[in-house]
Amino acid sequence: MIAPAADNLSIPIIDLEPARTGTPEEAAQVAQDVYQAFKHVGFAYIKNHGVPQELIDEAFSWSQKFFALPQSDKDKAPHPPVGWYHRGYSGIGREKVVQMVFDQEGIAEKRKVPDMKESFELGNENDERMPNIWIPEEVLPGFRAFFTKFFGTCYSIEQLMLKTIAVGMGLEEDFFLRYHQTRSNQCRLLHYPPVEEELLREGKAERIAAHSDFGTMTILFQDEVGGLEVEDIHEKGKFNPAPYIPGTAVVNIGDLLMRWSNDELKSTLHRVRAPPLAVSDAGFSGRITRPRYSIPYFISPDRDRVIDCLPGCYGPDRPKKYEPIVSKDYISMRMNATY
Ligand SMILES: O=C(O)CCC(=O)C(=O)O
Ligand SMILES: [Fe+2]
C-alpha cells in the first residue's frame, strides 16, 4: 500500500512485503503502486525490500573506512581516463555529472562548478569489458570481499523491482529480467565531504549536479544526513528534498526505461545539495555541511540489447519518441560526458 506522502513530498513509500511474500493479488496491487509512482514521480521509497539493514549498515561502515584512507591509498585504484570505463576511485572534482551536454565546450563550462564528491565504482567481478579496479587487498583487507557480496545481494532487489514494474505495466513478469541476464550493473560508493554551505547555496560548488540516471533503474541507499533533491514533476526547476526515511531505499527510473516506455515512466532529474536548514539555523552563515555518504546501485540492461519502445506504449495516436538504441551505446555516451 502507498503510505501518505510526507509533508511536501510527493514520493510515495511503498511496502514491498506483499510483492515478496503475498498472494498474487497483493503482489499485483504493489505492482500497480510502483507503476503509478514511476509514472507520476519517477521515484519511490521502498521498504521491506529484502536487504537486511545490518548489511546496509556494514556497507556504509566499509565505505567510510575506504574514504578515510590516505589519498595515496585511494589513488591505488584510479578510475581510467575515459568515462565509459566506470570503475575504481575518482577523487574530488574528477567526475562532473552533466545533463545531456555532449560538446567539449559545454562540458568545460559545466566543469567550472565542480562536483564536491569522491566515489568508488564497482561491478560484476566477471565483467570482461570493465574489470573491477580494486585497491590492493592489504590496504583494506575484506573491502573487496564485502562489496563483491553486497553487489550480489543487490541483485535480489533488482529482480523484485524488475518483476514488479513489468507486472505493473501489464507485461509478462520476466519481461525485463530477460534483458538483465549478465548483471552489467554498477554499485557506487559516494562520499560528499563537508563543504561550506554558502558555496552550495550560491551555486559556486555542487555536490552532484542535477541529472537523470542512465540505465533501467537505480536503487539508492542514503545515510540520515540528507541533501538529495528531486525535481518537482509539476514545476520544472523546483527541487524537493528526498530525506532519509529509516528502513527504506530510494528507487528511481533511468533514461533507458523511460525510452522503453515512450516516456510513460519518468526519469526524473535529481541532485545533491546541502541538507535542508533546520529552522533554528536560518540566517546562520559560515555553516559547514556534514559529510554525506550514499550507495547507489545502477541497474542496466545487458549491454548489447536493443532498447525499443515497448508494445502497448505506442500506436497510431502515440508515435514512438525515440529511435531504438543499444544499451551500452547510450550509457557510454552519457558516461563519457562526465570525465
Ligand atoms: O548521493 C545521492 O544521493 C545521489 C547519487 C546519484 O544521484 C547518482 O550517483 O546518480
Ligand atoms: Fe543519480
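Here is a short chat about the iron site and the cavities of this predicted model.

Biologist: Which residues coordinate the iron ion (ligand 2)?
Modeller: Look at the spacing along the chain, which reads H-x1-D-x56-H. The donor atoms are an NE2, an OD and another NE2, at 2.1 to 2.2 Å. They belong to H211, D213 and H270.

Biologist: How many residues apart in sequence are the parts that H211 and H270 tie together?
Modeller: Both histidines are buried. H211 sits in strand β7 (residues 208-211) and H270 in strand β12 (residues 270-272), so the pair links parts of the chain whose separation in sequence is 59 residues.

Biologist: Which element gives the largest share of the lining of the largest cavity?
Modeller: The structure has 3 cavities of 30 Å³ or more, and the largest holds about 510 Å³ of space. Its lining counts 39 residues, with Q186, D213, F214, F298 and M335 closest to the centre. Elements giving two or more residues include β7, β12 and β13 (292-299). The top contributor, with 5 residues, is α9.

Biologist: Which strands each supply at least two residues to the lining of the second largest cavity?
Modeller: That cavity holds about 60 Å³ and has 10 lining residues, with S10, I11, V230, E231 and N240 nearest its centre. The lining splits into 6 nonpolar, 2 polar and 2 charged. The strands you want are β9 (228-231) and β10 (239-241).

Methods
Residues numbered from 1 in each chain as written. Chains lettered and ligands numbered in written order. Predicted model: local features only at pLDDT ≥ 70, side-chain atom pairs only at ≥ 80, totals over all residues. Heavy atoms only, no water. Donors = N, O, S within 2.8 Å, 3.2 Å for Na, K, Ca; no water. Helix = DSSP H or I, 4+ residues; strand = E, 2+ residues; numbered from the N terminus. Buried < 20%, exposed > 50% of the residue type's maximum accessible area, 1.4 Å probe, protein only. 1 Å grid on protein atoms, 1.4 Å probe; cavity = no way out; pocket = protein on both sides within 12 Å on 5 of 7 lines; lining within 4 Å. Points joined across faces, edges and corners; volume = space filled by probe spheres on them. Nonpolar A, V, L, I, M, F, W, Y, C, P; charged D, E, K, R; others polar.
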